[in-house]
Amino acid sequence: MVAAATVVGAAGYVYLSSPPPVELAVERDLSATDPAPGDPVTVTVRVTNESDDLLPDLRLVDGVPPAVRVVDGSPRFATALRAGETVSFSYTVEAVRGDHPFDPVHVVARDFSGALERERHIPGEGETAVSCALDLSADEEIPVHPQTARRVGRVVTDTGGSGVELHSVREYQRGDPLSRIDWNRVARSGEFATLLFREEHAATVVVLVDARAEAYVAPRVDAPSAVDHSIAAADVVVASLIGAGDSVGVAALSPERCWLEPRGGATQAARARSLLERHPAFDGNRPEGAFYGEFAERRLRRELPSDAQLVLCSPLADDDAVDIVRQLHARGYPVTVLSPDATAGASTGQRLASVERAMRISRLRRAGVRVVDWDPDRPLETAIDAAQRRWSA
């Protein structure tokens, strides 16, 4: 009997200590399908045991996207689950721009003793991504340099031609349109003359977003990074310039190559929106690859049209950004820098960073570069108006 009890006990221990089979169905639901940036989204995960065995110790970790921050609850859950039983748990994340797919749920099933375990990664059914679209707005009037393309637009030039503002009067030449003849002069003196107006051309603008690792700075741990503010500013700039009739392209200072050729029209606005939302250079994660500023600057110059100007959205967190801007500006590409201020004054190091940023802005202004110093806690329009007054002074 003792021998039999020993054998039965050993067999029972082996059975109880064997990790149970992991046959689970996972469903994931989101409380909002199209949240705005910063909105809370509740994620509900339901797990069903589809096996015929009890899972005495089940550990679950939902695959939260790396760029999405959990603000309430926890994506971790532990339970015991009988055959056919379903359990659920919830947590809340903060929506950020772009499409952020969830990773599979990490599952660990242990035996009664906890000595043995099985590990699985199970994809969730249902809504598997947090999608947050940008709200392109064309309410701002973005100042551009007078350098233009040879197309009709909203930038008034010093060239005489067709337009609405009188530029000069010259002697009539064969082929001049009859609508531009100065008929008053003809009536007074019998001499034919042609009216010239200030031509209004379209600008060719490339919006350049600083998405290097150095640009991922923030005044607080829980605050949006400067890259997030730069992309929000680029959103406004692109929509406003395209709405004004300019040709607009998008590029990035990033290890991930990003280039959208300047064009105009509603289709281009849609392309720019898709790129700012979904391109890997703007996915909200600090890039890990190396960025070579001189190489990137040369590559950008090869892609830029000869009549292009740039609007750089950058926190100016280091000297490399200043060097790139000065190089481009010196080579004939007028640059306007729209700089969100991501500094703070809570510590000595933060105050030093603020002083260094102010010195970089001063260096750019001395080089003839326009700089819009923007406090993200205030409307962008206020910063642009203040900068325009400074430029016209």
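Student: What should I know before I start?

Tutor: This model is predicted, so local features need pLDDT of at least 70 and side-chain atom pairs count only at pLDDT 80 or more, while totals for chains, interfaces and linings use all residues. Residues are numbered from 1 along each chain as its sequence is written, and side-chain values use heavy atoms, with hydrogens and water left out.

Student: Which residues of helix H5 are buried?

Tutor: First, the general idea: an α-helix has 3.6 residues a turn, so residues three or four places apart point the same way. In H5 (residues 293–303), Ala296, Glu297 and Leu300 are buried (under 20% relative accessible area, 1.4 Å probe, protein chains only; exposed is over 50%). Helices here are DSSP runs of H or I, at least four residues, and strands are runs of E, at least two, numbered from the N terminus.

Student: Why are they on the same side of H5?

Tutor: They cover an arc of only 100° around the axis, which puts them there; the arc is that of the directions from the helix axis to the C-beta atoms. On the other side of H5, Glu294 and Arg302 are exposed.

Student: In what order do the four strands of the open sheet come?

Tutor: Strands of a sheet pair through backbone hydrogen bonds, either parallel or antiparallel. Here the order is S5-S3-S8-S9, with antiparallel pairing (two strands pair if DSSP finds at least two bridges between them). S5 (76–81) and S9 (117–122) are at the edges with a single partner strand each, so one side of each has no neighbour in the sheet. S3 (residues 55–63) and S8 (residues 103–110) pair over six bridges, and Arg59 stands opposite Val108 in S8.
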